[in-house]
Amino acid sequence: MKQNGHIDNDLLLLDGLRRGNRQAFECIFKKYYIDMVMFSSHFFARREDCEDVVQAMFMSLWEQRAQLPTNIANFKAYMLRSLQNACLNEINRLNIHRRYTAEFMALMSNIQHENGYTTLLYSELKALLESAESTLTPEEYETWHLSRTKGLKYAEIARKLGVAERTVEARIARVKYHFRKILDCFWSI
C-alpha cells in the first residue's frame with residue numbers, strides 16, 4: 001500500500017507540475033534533487049558538474065511542464081531517464097568543446113611555429129605600436145594621429161594641415177605600409 005501511496009503522490013505532484021503549481025515543483029525538487037545529483041556522479045567526477053546538470057534538468061522540467069507526457073507511469077524512472085539524457089548531452093557538448101579547443105590550440109601552435117612568433121600580450125603590442133609610431137616622420141605622425149585618434153576625415157585633415165587631400169591619403173598609405181612591415185608576423189592574431 002505504501003508503494004501505491006508513493007506512486008499516487010508522484011502522480012499528484014506531476015499533475016500539479018503540469019498545471020504550473022510551484023509548490024508541486026518544489027516538492028518534486030526536494031524529493032529528487034539529492035538522488036539526481038548522486039545518479040549524475042556516474043557521469044561526472046566533480047560534484048559541481050553534477051549539480052549544474054541536475055539544476056539545468058529541473059529548469060527544463062519547469063519550463064516544459066505543459067508538454068510533459070500524460071502517460072508517465074513511474075515518475076522517478078522518467079526523471080532518471082531525463083537526467084541520463086541531460087548528462088549524455090552535456091558530455092557530448094564538453095567533448096565538442098574540448099575537440100575545438102584542442103584544434104584551435106594546435107592551429108595557433110602551428111601558426112606560431114611557421115611564423116616564428118610567440119604569444120603577443122596587449123602591453124607588448126602597445127609597446128610595439130608606440131615604437132613603430134616613433135619612427136614616423138613628424139608629418140606622417142601628425143596625419144596618422146589626426147586620422148586615428150581624433151577620427152578626422154582626410155578632407156578635414158588636409159584643411160587643418162594646409163595640404164592637399166591626396167597628400168593626406170599618401171601619408172596614411174605610407175604609415176599603414178610601415179606598420180604592416182613591422183607587425184607582419186602578428187596579423188594572424
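**Close-up views of a predicted model**

At 26% relative accessibility, K31 counts as partly exposed.

**View A. A salt bridge joins D10 to K31.** The partner of K31 here is D10, and the closest N and O atoms of the pair are 2.5 Å apart. D10 sits in helix α1 (residues 2-18) and K31 in helix α2 (residues 22-40), so the bridge ties together parts that are 21 residues apart in sequence. Side chains of opposite charge can pair when their charged atoms come close.

**View B. R46, E48 and D49 form a network of salt bridges.** Let us take the links one by one. R46 and E48 meet through their side chains, with 3.7 Å from N to O. R46 also pairs with D49, where the closest N and O atoms are 3.6 Å apart.

**View C. Helix α6 packs against helix α7.** Two packed helices are described by the angle between their axes and the distance between the axes. For α6 (residues 138-148) and α7 (residues 154-161), the angle is about 135° and the axes are 10 Å apart. The two helices are therefore oblique to each other, a term used here for angles that are neither roughly parallel, nor roughly antiparallel (over 145 degrees), nor roughly perpendicular (65 to 115 degrees). The crossing of α6 past α7 is right-handed.

**View D. Side by side: the residues where α6 meets α7.** Which residues of α6 take part in this contact? They are E142, T143, L146 and S147. On the α7 side, they meet Y154, I157, K160 and L161. Sorted by class, the contact between the two helices comprises 4 nonpolar, 2 polar and 2 charged residues.

How values were computed: Residues numbered from 1 in each chain as written. Predicted model: local features only at pLDDT ≥ 70, side-chain atom pairs only at ≥ 80, totals over all residues. Heavy atoms only, no water. Axes fitted to C-alpha atoms, helices over the stretch in contact; angles between N-to-C directions. Helix = DSSP H or I, 4+ residues; strand = E, 2+ residues; numbered from the N terminus. Parallel < 35°, antiparallel > 145°, perpendicular 65-115°, else oblique. Left-handed = near helix turned anticlockwise from the far one by under 90°. Contact = heavy atoms within 4.5 Å. Nonpolar A, V, L, I, M, F, W, Y, C, P; charged D, E, K, R; others polar. Salt bridge = Lys/Arg side-chain N within 4 Å of Asp/Glu carboxyl O. Buried < 20%, exposed > 50% of the residue type's maximum accessible area, 1.4 Å probe, protein only.
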